[in-house]
Amino acid sequence: MIVHTAPTRTDALFPDRVAHAQWTGSALLLECANGMQLRISALPNHTFRLQFRPDRHWAPDFSYAVDGSTEDQPAANADAVRISANAAPAEDQPTGAAPTAESPAESPDRWTWSTPLATLTVWKEALAFELRSPDGALMLQSDRGFRAAPDLENGGHTCELGLASTKNERFYGLGDKAGRLNLKDQRFVHWNTDAFRYQVDTDPLYKTLPFYIGLRDGQAYGVFLDHTAPTAFDFGAGRPDAVDLHVEGDEMNLYLFAGPGPVDVVRRYTRLTGRTPLPPMWALGLHQSKWGYASHEEVVGIAATFRALQIPCDALYLDIDYMDRYRVFTWDSQRFPQPRQTVQALAEFGIKTVAILDPGIAVQPDDPAYQEGIERDYFCRTADGSLFAGRVWPGMCHFPDFTHPDVRAWWSNRVARFVADSGLDGLWNDMNEPAVMDVPTKTLPAGVRHHLDGHPGSHRKAHNAYGMQMARATFEGLQAHAPQKRPFVLTRAAYSGTQRYASTWTGDNTASWEHLAAANRQVQRLNLSGMGFAGSDIGGFIEQPDAELFLRWVQLGSFHPYCRIHSSGHHGDQEPWSFGADILDHVRRHLETRMTLLPYFYTAFWQQAQDGTPVVLPLVAEDPSDVQTHHRENEFRVGPHVLVAPVVTQGARQQRAYLPSGTWYQWEENHPFAGREEYGVDAPLESVPVFVRAGACIPRYPVQLHVHEKSIDCLRLDVYLPHHDGTVSSFGYFDAGDGGPDAPFALHRWNLAKSPQGWSLRQDRSGSYTPDFTQVEIRWYGADAGFAGTVLCDGEQVVPSRHAAAWTVRVPVGFQHVEVHRSSEAE
Ligand code: MIG
């Protein structure tokens with residue numbers, strides 16, 4: 001059913017010359033002589049909106065993606081953001097009032113809108129348009145331009161847009177695709193699909209994030225097609241060196257974002273579609289899951305084993321087996337007789353409990369959710385008015401229409417009660433594409449009706465938003481239950497904007513090396529597509545990894561924003577201890593490293609919540625001016641300063657790693673590496689190559705078995721000595737680890753610079769939160785082992801000592817200035 005439109009339709013209708021132009025609100029409405037229309041508006045933040053329609057019958061404006069409330073500067077953190085905006089390397093996020101393009105300049109043949117970062121020109125002939133950067137470089141240009149064709153199967157139209165491209169243009173984004181990072185020469189469609197056992201070239205997968213970043217001659221721009229109806233993106237598969245976009249529907253609703261860098265584009269896209277709120281800190285620990293944990297005794301046993309073996313773990317998952325006959329909002333009375341006690345037992349190990357919820361409600365007259373749904377008419381109906389029923393785990397099910405606000409409120413309410421009764425800490429939304437078994441389309445029929453928040457339409461139109469609206473209702477239920485806590489929701493299906501409600505994972509992958517490499521790409525791509533809180537099933541969902549694959553996957557996954565071991569228990573065990581004692585030791589050490597990096601990860605999540613900077617980025621986003629980065633897929637940046645070069649090849653004990661511009665150190669080592677070079681790095685089975693930017697300060701905690709296990713009296717700060725002139729800023733964001741939107745926080749900024757005699761670290765702090773730690777242990781890497789000199793903390797001499805490869809001093813948390821002066825003989 002998905003997007004039949006071929007790049008060239010012979011019956012396409014093209015706009016001709018503009019006959020009328022008029023202002024409607026802040027948009028300029030153009031009408032062509034043949035009735036085709038284009039509405040253009042310039043939005044804040046160097047963003048333009050173009051709406052094309054083949055006829056005059058505009059539908060009311062409505063979007064699930066657009067989030068009116070996202071600002072770059074929430075008032076509570078205004079200071080914090082100002083600091084980070086000044087200091088963030090290579091970023092230009094404006095902090096004052098975002099510029100709006102002035103009214104367009106009109107000339108006989110065109111209109112031109114300009115912002116300081118982009119110029120949009122729309123011609124009066126054929127609605128042709130182009131977007132240029134301030135230096136006049138072409139970013140985007142229509143060639144075939146807008147066109148429409150009658151949709152003979154569904155009625156209405158399909159709309160298409162043809163854009164000129166260049167041979168060397170690259171494309172990144174689109175969220176949930178498993179293939180190579182650069183999308184060029186490929187065609188993709190969006191139709192949320194339960195893609196069990198998907199492969200690297202399977203398309204579509206579970207999510208619809210119809211947003212991409214184009215990169216031309218080192219300059220980035222973005223395109224977002226805000227349609228929940230099926231869409232297709234063709235990056236030159238149909239027409240070489242062109243881009244064709246297709247929408248099944250009577251309108252094409254397009255947003256264009258200026259760069260100049262890929263990260264700027266992502267920030268603008270998430271300024272429009274919303275950002276992931278800061279999660280509770282426990283959500284950044286290890287999550288352990290398996291489809292197969294099936295009783296109170298079993299999950300408590302798993303928790304106890306984690307603790308007996310001293311393995312960090314913050315959450316355990318209950319997959320569908322906790323339910324009574326797979327019915328949502330129930331518990332199996334034999335296997336989980338006292339849900340509260342199960343949750344409490346895990347809590348005593350410091351482990352949170354997350355349970356799965358599927359959308360389908362069993363057609364069972366004795367089921368309360370069924371009864372309520374029927375009474376209130378909350379279930380989806382076919383075009384003819386019958387209740388739709390389809391088989392999922394509980395048998396035949398009805399599907400709540402999550403696109404109805406009352407249905408969401410009902411679901412939220414049920415979620416709140418369910419969580420209140422059980423004490424559950426988080427919820428996992430699965431099968432919300434929605435997935436239906438036994439039918440060839442694997443989902444609801446296209447004709448099923450949806451409310452669409454007062455803009456009624458078919459399932460064809462609502463399908464891609466269904467999972468998002470379920471995640472939204474789940475999020476809101478958790479929020480209603482505990483307003484002073486941050487909801488944790490995991491979702492499989494998504495549409496643009498879902499990042500406001502949920503984290504996500506990449507679905508039913510396979511335990512293979514190819515899938516390990518794919519997981520790496522997918523998490524980078526999801527981050528570039530605004531869903532930064534993402535991870536894969538560590539170890540692979542289908543089949544069983546061998547010890548080496550499992551360990552390599554932990555090495556990758558422990559640097560991902562969302563870190564969960566999950567598998568189908570039908571294929572064997574996948575706990576950290578399932579692969580022998582040596583592997584367990586290595587797995588533990590990697591998880592411990594993640595736990596020490598909690599403040600670093602947490603700060604990256606905070607940054608993402610503030611201004612949309614993704615937690616993980618491919619190298620092309622770090623330095624798009626370096627062509628070498630454009631095709632690198634393996635190395636990725638996590639947070640502002642750490643670069644990981646995971647091993648994704650069986651048997652490999654060496655890893656090629658390309659370091660982008662600047663100077664980099666290997667993790668906790670002293671030897672600097674020049675950037676813009678590729679290196680062969682030793683990667684014995686037990687280690688993953690990790691690099692840190694020279695000049696970075698990395699805040700770390702002691703090893704903990706779970707978040708808040710210990711009261712932390714000393715913050716560790718790993719300092720990698722700068723190699724270039726200028727100051728590198730790093731941040732540490734601290735708060736209670738959970739709390740409502742106004743929870744107090746403390747922001748530490750560390751500015752590191754070379755000084756004539758050595759180096760200098762300045763700290764300033766803002767915010768009203770007082771962290772537990774009263775001391776900071778500074779460890780610096782990059783100095784000679786034979787270091788001789790003096791260290792001054794706020795003018796007082798302190799004596800450094802040696803710790804492994806580093807020199808270290810302990811200073812009070814309120815320090816302002818640490819200076820290291822090398823004595824001359826050390827030089
Ligand atoms: O039809 O709940 O992707 O993570 O373990 C399978 C059982 C349903 C699919 C999810 C997977 C989960 C499984 N679910």
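Reader: Which residues of helix H6 are buried?

Author: This is a predicted model, and in it H6 covers residues 405-422. Counting as buried takes under 20% relative accessible area. The residues of H6 that are buried are Val-407, Arg-408, Trp-410, Trp-411, Ser-412, Arg-414, Val-415, Ala-416, Phe-418, Val-419 and Ser-422.

Reader: Which helices and strands do those buried residues of H6 pack against?

Author: H6 has 18 residues and reaches 25 Å from its first C-alpha to its last, close to the 26 Å expected at 1.5 Å a residue. Its buried residues pack against helices as well as strands, and the elements are helix H4 (339-348), strand E21 (352-357), strand E22 (361-362), helix H5 (368-375), strand E25 (426-429) and helix H7 (459-481).

Reader: How many helices and strands does the whole protein chain have, and why can it be called as compact as a globular protein of its length?

Author: The protein chain has 12 helices and 52 strands. For 827 residues the globule rule gives a radius of gyration of 28 Å, and the chain is close to that, so it is as compact as a globular protein of that length, with a radius of gyration of 27 Å.

Reader: What percentage of the residues of the protein chain count as buried?

Author: The C-alpha trace spans about 85 × 75 × 50 Å along its principal axes, and the protein chain exposes about 27800 Å², of which carbon and sulfur atoms supply 49%. Among contacts between residues at least 6 apart in sequence, 69% join residues at least 24 apart. Of the 827 residues, the part that counts as buried is 65%.

Reader: How far apart do the centres of the positive and negative side chains lie?

Author: The protein chain has 72 positive and 99 negative side chains. The centres of these two sets lie apart by 2 Å.

Reader: Is Gly-572 buried or partly exposed, and which residues is it in contact with, leaving aside its neighbours within four places in sequence?

Author: Gly-572 lies in the loop between strand E33 (564-565) and helix H10 (581-596). With a relative accessible area of 23%, Gly-572 is partly exposed, and its C-alpha atom is separated by 42 Å from that of Asp-377, 195 residues apart along the chain. Leaving aside its neighbours within four places in sequence, Gly-572 is in contact with Lys-290, Gln-544 and Ser-567.

Reader: What covers the buried residues of H10?

Author: H10 has 16 residues and reaches 22 Å from its first C-alpha to its last, close to the 22 Å expected at 1.5 Å a residue. Its buried residues include Ile-583, Leu-584, His-586 and Val-587. What covers the buried residues of H10 includes helix H9 (547-557), strand E42 (697-700) and H11.

Reader: How many of the 14 residues of H11 are buried?

Author: H11 runs over residues 598-611, and its end C-alpha atoms are 20 Å apart, which agrees with the span of 20 Å that its 14 residues should have at 1.5 Å a residue. Just after H11, Gly-612 takes a positive phi of about 85 degrees. H11 is largely enclosed by the rest of the structure, because the number of its 14 residues that are buried is 13.

Reader: What is the relative accessibility of Phe-734, and in which strand is it found?

Author: Leaving aside its neighbours within four places in sequence, Phe-734 is in contact with residues including Pro-599, Tyr-701, Leu-715, Phe-745 and Trp-750. Phe-734 counts as buried, at a relative accessibility of 2%. The strand in which Phe-734 is found, residues 727-735, is E44.

Conventions:
Residues are numbered from 1 along each chain as its sequence is written. This is a predicted model: local features need pLDDT of at least 70, side-chain atom pairs count only at pLDDT 80 or more; totals for chains, interfaces and linings use all residues. Side-chain values use heavy atoms; hydrogens and water are left out. Helices (H or I, at least four residues) and strands (E, at least two) are DSSP runs, numbered from the N terminus. The radius of gyration is taken over C-alpha atoms; the globule rule is 2.2 Å times the number of residues to the power 0.38. Buried means under 20% relative accessible area, exposed over 50%, partly exposed in between (1.4 Å probe, protein chains only). Contact means heavy atoms within 4.5 Å. Accessible areas come from the Shrake-Rupley method with a 1.4 Å probe; for residues, only the protein chains shown count as cover. Lys and Arg count as positive and Asp and Glu as negative; His and the chain ends are not counted. The place of a charge is taken as NZ of Lys, CZ of Arg, CG of Asp or CD of Glu. The expected span of a helix is 1.5 Å times one less than its number of residues.
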